[in-house]
Structure formats: C-alpha cells, structure tokens
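Try each task on your own, then read on for the worked solution.

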Amino acid sequence: MKLRVQLQCKNLHEYLKELSPEILDRLYNHPATCLAVYRELPPLAKNYVMRMLFLDQPLPQAAVALWVKKDSEKDHDQCVSVLSGLRLWHSQQLQGGLQGNILNPVFKDNLRIALLGGGKSWADQGDSLGPDRHARDVESLDKYALERWEVVLHFMVGCPSAAVSQDLSQLLIQAGLMRTEAGDAPCITSAGFQFLLLDTASQLWYFTLQYLNTAQTRGMDLVEILSFLFQLSFSTLGRDYSVEGMSESLLTFLQHLREFGLVFQRKRKSRRYYPTRLAITLSAGVSANSSSTAMGATPGTGDSGFIVVETNYRLYAYTNSELQIALVALFSECLYRFPNVVVAQVTRESVQQAIANGITAQQYIGVLVLLYMAELFGEILHFLRTRAHPVMLKQNPVLPPTITDQIRLWELERDRLQFSEGVLYNQFLSQADFEVLRDRAQGLGCLVWQNVAHRVIVVSPQGHGEVKRFWKRQKSHT
Amino acid sequence: MVNVLKGVLVECDPAMKQFLLYLDETTALGKKFIIQDLDDTHVFILAEVVHILQERVGELMDQNSFPITQK
C-alpha cells in the first residue's frame, strides 16, 4: 500500500486538452495563444498546420496521409491525434463523400494574424506614458524575480522571516503543497517536499497550472488569464508595458504575478509593469527543460552549482542562502556551518526520515509529458545532480556511484514487503470450476494473483462482489 | 464448495518470507497472522497486522545496519 503522492506536472498541451471545447475556442481568439500552442507542436504537426493555413477548403484525409512516407505511419498517427486533441482541426464531409480535414477557423485566422501581423495590438507599449523615471534594467529585474520566488519557497520551508500574502498561502494550500490545521500556521506536505526539490522552471509551471485550476473558483475568467499569460511570454525583457485597458480580474492577476516575481511593478497603483525573465521563460521553459536532462546550472537559482558530494557520504554545500541550506538539511544531517560552507553527512537515518516525509529516492518526478518522459530521476539524486558544483561536473558520472546506489538501497529497504488487499479463493472442486472463475476475474481486471497448480486465486476487494455473484449464478445453472 | 477468505496478499523475496514465517511461529505479533502460505514469494495474512509487520521489518533492518562513517 504505497501512500506516496506523486507530483504531476502536465505539459501545456495536456492542460489544454482538458479544457472544454468552448473555452478552447475562445482561447484561440487571441493570436498570442495560437502562436504559443503552435510553438509547442511536434515538427510534423507544425508542417501540417503550415500547409493547411492558407487553404479555405477542406483537404481529403487521403491527401494528408500521402504527405508522409510509408514507414512514418506512426508519426503521422501521433500527429493526427495531437491535432484533434487540441481541436486544431475538424473532420468534414467533402462533396465526393470522402472525409476531409480543415483547420479550426478561429485558430486559422488568429495564427495568420500572429504570423503576418495585423489585428489588435497585443499590449500597449509604455511609450504612451512617457519615459519611466524609475526605469529598471534587466539585471535588477532578474534579481527581483529571484528574490520574490525565493520568498515563496522560504515560506514553504517554514523560515519565520518569509511572509507572504493571505492569497498566496491560500493558493499553496489549495495546490496541496501545504496544509493548515485549525488556525495554525500552514505546514508543508509531502507533495510540497517534492515540489521544493524540482528546478525553478518546473516549479513555476506547476504553480501556474494550479493557479489556473483555481482561477475559476475565484471568479476570474480563465481565457483572459491564459491569453494574458501567453502575451507575457512573448514580451521583450526590459521593456515596460502599460496597464491600460486591463479588466479588474486581469489587474488582480497582475498583482498575484507581481508576488510570484513574474512581473515587476513599482507600486500597486503603477500604470506600467515589466515582465521578468521568469515570465518569459514560463511557457518556453517547459519544452526546453523536458528535452534536456537538467544538468548543471538551472536558470533562476542564484548559485549555479554549489554542492560537492564525496564518497564518504559527506556533503559540502557552498552557499549562504537559507533556502538552499534548508533543502539540504531535508535529507542529510548538518554537521558544521561556516560563513560560506555547510558540511553535512548523508546517513541512513536522514535519508529514511526524508522518505518518511514524502520525498523518494527513485520515482517519476514531475512527469512533464509522456512524450518527453525518458529518464527516471530520484528526487534527492536529481536535486544533487542539478546543484552539483562545477568541480563535480568534470567527473563522469557526476555523482559517485556508491552514493547513488546506497541512497536507492536505503529507500528500497522500506519496500521489502508489498501489500495488496484481496480475497482468497481456494479449494475448488474441479479444474474446470477454477478456470471459469479465474477467467471471469481476469476479464473483470480484478485478478491479483493466481496459482494454477494449487487452484488458488486472489481477487481484489472491488471485484469480489461481482465475482461472487457470477459464482452464485454458475452454481445455480449447473 | 469454494473457500473464500478475506485478507491481505503480501509479496516479498524468499528471505523476507522466511522471516514472516518465523514471526508467525513464535507469535511475536501476539497471534498467528498467516492465513495461507501461497508460494515462495507470496503469503496471505490478516489485514490488521499490516502496520505492526512493517514496524517489525523496520526493526529487523535497523538491527542489520551499522553506521557507515564515524562523525
């Protein structure tokens, strides 16, 4: 009975597929969204979309199938499913009675606008307000973004100095990353631990998805927010934009973004805002991250790589940041603390404690997209690899094999017994009886285990009722 | 007539299974909990002993481990 919670981080496409068709159609009304969705398509799908972009007639499906060679059938099918899942094209009956495909008209028009120009301007440049007296340059924007995001993470770890608004802590609780008990300060959950060990881009993305999910319950318009988010991701770093023409809910959204560090606004009532690097890499960040194994510097963490792990299980973290030290302390025992180093030891107790709190050594972490999922990273090991000091990066493999193996073994120790509830059926009178019942259970998908030689089967409790009824019917027939 | 029993199916390696049989024989958990011994790697046990069993296994693993490094 594995009770561990897995952190699921969906891709943009997965998220969009879950939305209802009307919302999707409204979403495609905005050129920024269309461009963002187009950007994330697999190359073959992009090709198809481009070919059909300027056609006003539906194209026969046979013609589309001809575009690929015989041995790329699989890619073609995958493409078709992606495009239909996102409702980018419909099937339509042609005059000759054949089935044809045509691009979603709303999507088509807006993608054309996005690519060729025209239509409404997406966001007013700040020029209409005159030059900003308190202009911010790229560096200070980056610093600001990092600071804000770290405050959020600090709050999760429980540092007393971090204070966040009521809204934000509510959001964290709703996302399942923290929980609160009857008026106490919120404390972190196991999903929260896993979240902390992810890299910044995944964290941001997960967080945004959670926010979008709760947006509707708050009375905010999902379409508006999503379009604004995509718009942000196409803005230029270092340029200011004006808040003219933004509705109430968008303004609230802007304030929240300001708190996460995605946007900088000097004061609440300022009429201009600067998107930060975090916002711009947000939708681009997901695909970039998932196709590369995140090694070396992660964008957004102040120190690029700062952990050295030795084969005697000692860990040296060259950092001053409270947050990083708290993260390291999650799964190791801190021995000494100096002005710029923290010396810790990875022990069986500390790793098992961390695991008991919900992190795992080996598990699917942040399943970004089934398409891109290729590697299994233990969270602790992932954390160590992504924060490895440049000196460590010269070794191959980065972490000493003794350490990686031992951490996994300590985790597997807890899994020596696997439990599954069930109902045991034995002492069948004949082989035929056994087989009939066994096949029925298998057909229902509730067969947990069987032993043909001894005529014993174990059925899951959910299936037990059905199997029992089936058995009674059998008895009454024969 | 078919015999129907409710419980929990445990899957483990053969060494662990011997440990379970040992616990059962000596009634270390206060009662006999193995309903049926199925094969080399599976046992069928009572549902209520699951937690205590995990604890006992944990204790066994603790006894067999030793601190790797000196502080």
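**Exercise 1: a pair of strands**

Work out how strand β11 and strand β12 of chain A pair, and what joins them.

*Solution.* Start with the two stretches: β11 covers residues 333-337 of chain A, and β12 covers residues 342-345. Next, look at the direction of pairing, which is antiparallel, over 4 bridges. For a pair of residues to check, take A:Glu333, which stands opposite A:Gln345 in β12(A). Finally, follow the chain from β11(A) to β12(A): a hairpin joins them through 4 residues. Keep in mind that this is a predicted model.

**Exercise 2: a sheet of three**

Find the order of the 3 strands in the open sheet of chain A that contains β6, β7 and β8.

*Solution.* As a reminder, strands of a sheet pair through backbone hydrogen bonds, either parallel or antiparallel. Here the order is β6-β8-β7, and the pairing is antiparallel. Now for the edges: β6 (241-242) and β7 (263-264) of chain A each pair on one side only. Zoom in on β7(A) and you'll see that it pairs with β8 (residues 272-275) over 2 bridges, in the antiparallel sense. A residue pair to look for is A:Val263, standing opposite A:Pro275 in β8(A).

**Exercise 3: a contact between chains**

Locate the salt bridge between A:Arg416 and B:Asp13, and decide whether each partner is buried, partly exposed or exposed.

*Solution.* First, the distance: the two side chains meet at 2.8 Å, N to O. Then place the partners, since this pair crosses between chains. A:Arg416 sits in the loop between α19 (401-413) and β13 (418-426) of chain A, while B:Asp13 is in the loop between β1 (3-11) and α1 (14-25) of chain B. A:Arg416 has a relative accessible area of 26%, so it is partly exposed. B:Asp13, at 28%, is partly exposed too.

**Exercise 4: salt bridges within a chain**

How many salt bridges does a search of the whole structure find? Describe two of them, A:Glu466 with A:Arg440 and B:Lys31 with B:Glu48.

*Solution.* The search finds 8 salt bridges over all chains. Take chain A to begin with: the closest N and O atoms of A:Glu466 and A:Arg440 are 3.6 Å apart. A:Glu466 lies in helix α21 (residues 461-477) and A:Arg440 in helix α20 (residues 431-444), so the pair ties together parts that are 26 residues apart in sequence. Both count as partly exposed: A:Glu466 has a relative accessible area of 23%, and A:Arg440 has 27%.

Over in chain B, the closest N and O atoms of B:Lys31 and B:Glu48 are 2.9 Å apart. B:Lys31 is in the loop between α1 and β2 (34-39), and B:Glu48 is in the loop between β3 (42-45) and α2 (50-63), so this pair links parts that are 17 residues apart in sequence. B:Lys31 is partly exposed at 35%, whereas B:Glu48 is exposed at 52%. For a network, look at A:Arg348, A:Glu413 and B:Asp62, which are joined by salt bridges that share partners.

**Exercise 5: a nonpolar patch**

Which residues form a nonpolar patch with about 320 Å² of accessible area together?

*Solution.* The patch on the surface is made by A:Phe54, A:Leu115 and A:Leu116. Pick out A:Leu115 and you'll find it in helix α7 (residues 105-116) of chain A. With 40% relative accessibility, A:Leu115 counts as partly exposed.

Methods
Residues numbered from 1 in each chain as written. Chains lettered and ligands numbered in written order. Predicted model: local features only at pLDDT ≥ 70, side-chain atom pairs only at ≥ 80, totals over all residues. Heavy atoms only, no water. Patch = residues over 30% accessible without salt bridge, like charges linked within 9 Å, V, L, I, M, F, W, Y side chains within 5 Å. Areas by Shrake-Rupley, 256 points an atom, 1.4 Å probe, with all protein chains shown as cover. Salt bridge = Lys/Arg side-chain N within 4 Å of Asp/Glu carboxyl O. Buried < 20%, exposed > 50% of the residue type's maximum accessible area, 1.4 Å probe, protein only. Pairing = 2+ DSSP bridges.
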